[in-house]
Amino acid sequence: MLDEQAKKTMLRKIPHGLYICGVKDGENRNGFTASWVMQASFKPPLVVNCVKADSGSHAMIKNSGVFALSVLDHSQKEVAAQFFKPQRLVGDKLADVDCIEGPETGCPVLTDCLGYVECKVVGSVEQGDHTVFVGEVVGAGIHREGDPLLLETTGWNYGG
């Protein structure tokens, strides 16, 4: 029998970075805070990005087949908080943030971050309430040096 409290506690101990995932579908753009992200392969360079299945951004990734991940600096907790809320509730989350179009995908990339990777979706697994998108890294850039923002340093819980 599954001990629900033990499961929740232990799953929350898995370390996660916090990223802003930029997405686009035609002229529509959005960004959301992603935490279930990891490198999955060296050759080709692959990352895994788990996205809530009922979100608008999920549909945008599924339709366009691309996404970008901006790596937040350890001091950018407020930026991560800004992008946690659904677009349908807050409107254009990118309106007050400096960003560029990723040169390879056209997805929004924050200019005030450590750097970014742009990805082309090469596979996906739809299970549970999130879809695992496997993205091949097709572009990358470094903006500055620094330490990444980690979920556990924010005091927030997303998992369990």
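Helices, of at least four residues, and strands, of at least two, are taken here as DSSP runs and are numbered from the N terminus. In the predicted model, the protein has 5 helices and 9 strands, and these elements follow one another along the sequence in the pattern α-β-β-β-β-α-β-α-α-β-β-β-β-α. The radius of gyration of the protein is 15 Å, close to the 15 Å that the globule rule gives for 160 residues, so the protein is as compact as a globular protein of that length. Along the principal axes, the C-alpha trace spans about 50 × 35 × 35 Å.

Of the 160 residues, 40% count as buried, and the accessible surface of the protein comes to about 8900 Å², of which 53% belongs to carbon and sulfur atoms. When the contacts with a separation of 6 or more are considered, residues 24 or more positions apart account for 64% of them. With regard to charge, the protein has 15 positive and 20 negative side chains, and the centres of these two sets lie 6 Å apart.

The largest nonpolar core contains 14 residues, of which Cys-21, Val-23, Phe-32, Ile-61, Phe-67 and Leu-69 touch the most other members. Two or more residues are given to this core by each of strand E1 (19-25), strand E2 (28-34), strand E4 (46-52), helix H2 (56-64) and strand E5 (66-71), and the largest share, 3 residues, comes from E1.

Two buried residues in loops were then considered in turn. Ser-35 is found in the loop between E2 and strand E3 (37-41), and its relative accessible area is 5%, so Ser-35 falls under the 20% limit and is buried. When residues up to four places away in sequence are left aside, Ser-35 touches His-16, Gly-17, Leu-18 and Tyr-158. Gln-76 lies in the loop between E5 and helix H3 (77-82), and Gln-76 likewise counts as buried, at 3% relative accessibility. Not counting residues up to four places away in sequence, Gln-76 touches Asp-112, Cys-113, Arg-144 and Leu-149. Lys-7, by contrast, is 69 residues from Gln-76 along the chain, and the C-alpha atoms of this pair are separated by 29 Å.

The loop between E3 and E4 holds Pro-44, and the peptide bond that joins Lys-43 and Pro-44 is cis, with an omega of about -5°.

Two residues within strands complete the description. Cys-50 has its place in strand E4, and with a relative accessible area of 19% Cys-50 is buried, because the limit for that class is under 20%. Apart from residues up to four places away in sequence, Cys-50 touches Trp-36, His-130, Thr-131 and Val-132. The C-alpha atoms of Cys-50 and Val-37 are separated by 6.5 Å, although these residues are 13 residues apart along the chain. Tyr-116 has its place in strand E8 (residues 115-127), and at 11% relative accessibility Tyr-116 also counts as buried. The residues that Tyr-116 touches, again not counting those up to four places away in sequence, are Leu-69, Ser-70, Pro-103, Val-109, Gly-139, Ala-140, Gly-141 and His-143. One of these, Leu-69, is among the residues that touch the most other members of the largest nonpolar core. Another, Gly-141, is 25 residues from Tyr-116 in sequence, while the C-alpha atoms of the two are 5.4 Å apart in space.

Notes:
Residues are numbered from 1 along each chain as its sequence is written. This is a predicted model: local features need pLDDT of at least 70, side-chain atom pairs count only at pLDDT 80 or more; totals for chains, interfaces and linings use all residues. Side-chain values use heavy atoms; hydrogens and water are left out. The radius of gyration is taken over C-alpha atoms; the globule rule is 2.2 Å times the number of residues to the power 0.38. Buried means under 20% relative accessible area, exposed over 50%, partly exposed in between (1.4 Å probe, protein chains only). Contact means heavy atoms within 4.5 Å. Accessible areas come from the Shrake-Rupley method with a 1.4 Å probe; for residues, only the protein chains shown count as cover. Lys and Arg count as positive and Asp and Glu as negative; His and the chain ends are not counted. The place of a charge is taken as NZ of Lys, CZ of Arg, CG of Asp or CD of Glu. A nonpolar core is a set of buried Ala, Val, Leu, Ile, Met, Phe, Trp, Tyr and Cys residues joined through side-chain atoms within 4.5 Å.
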